[in-house]
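Please look through the structure below.

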Amino acid sequence: MDLESLKRYLEKGVEESASMVDGMPSRFLEPLIMNGLRVDLIEPGRIVCSMKIPPRLLNSGNSLHGGATATLVDVVGAAAIPSAGYSWKSGVSVEINVSYLDAVSVDEEIEIDARALRVGKAVAVISVEFRKKKTGKVFAQGRHTKYLAIASKM
């Protein structure tokens with residue numbers, strides 16, 4: 001692909017969709033991704049959620065978009081921190097990685113299992129495993145590291 005074609009691909013639809021995008025409410029990404037998420041289990045250091053994959057979260061190959069999976073690692077993973085007894089204001093992400101092992105299609109039920117591996121004074125590490133509910137097969141694994149805001153002693 002030549003550089004000009006690459007530029008056109010990345011800027012595709014920018015002018016036509018600018019007014020629509022600019023009109024979206026702030027922080028619209030989390031509700032877009034998480035609408036339909038159900039919490040099935042909360043215990044200290046662990047949260048298990050499930051959801052049915054909606055069409056809005058599909059990529060061009062008609063499977064769950066990797067960006068949606070990464071957002072779920074971020075948000076559900078961050079929720080495991082207060083379940084471990086730390087403040088809900090859990091700081092900022094330092095690193096998020098996802099290994100994509102299989103595809104998931106529209107209307108498939110999935111399970112998201114987030115576990116706090118370590119919640120220390122300054123850093124938390126969370127593991128997030130994604131399974132197909134019908135088969136139990138793992139289709140993605142994520143790891144989320146967060147810097148935790150240290151409370152002032154003043």
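E30 lies in helix 3, which covers residues 29-34. Helices (H or I, at least four residues) and strands (E, at least two) are DSSP runs here, numbered from the N terminus. The model is a predicted one: local features need pLDDT of at least 70, side-chain atom pairs count only at pLDDT 80 or more, and totals for chains, interfaces and linings use all residues. Residues are numbered from 1 along each chain as its sequence is written, and side-chain values use heavy atoms, with hydrogens and water left out.

E30 has a relative accessible area of 33%, so E30 counts as partly exposed; buried means under 20%, exposed over 50%, and partly exposed in between (1.4 Å probe, protein chains only). Apart from neighbours within four places in sequence, E30 is in contact with N35 and V75, where contact means heavy atoms within 4.5 Å.

F28 is found in the loop between helix 2 (14-22) and helix 3. With a relative accessible area of 35%, F28 is also partly exposed. Together with M20, M24, L29 and L32, F28 makes a nonpolar surface patch of about 430 Å². Such patches consist of residues with over 30% relative accessible area and no salt bridge; like charges are joined within 9 Å, nonpolar side chains (Val, Leu, Ile, Met, Phe, Trp, Tyr) within 5 Å. A salt bridge is a side-chain nitrogen of Lys or Arg within 4 Å of a carboxyl oxygen of Asp or Glu. Accessible areas come from the Shrake-Rupley method with a 1.4 Å probe, and for residues only the protein chains shown count as cover.

L41 stands opposite V48 in strand 2, and I42 has I47 of strand 2 as its bridge partner. Strand 1 and strand 2 (residues 46-52) pair in the antiparallel sense over 5 bridges; two strands pair if DSSP finds at least two bridges between them. Their hairpin has 2 residues between the strands, and G45 takes a positive phi near 80° there.
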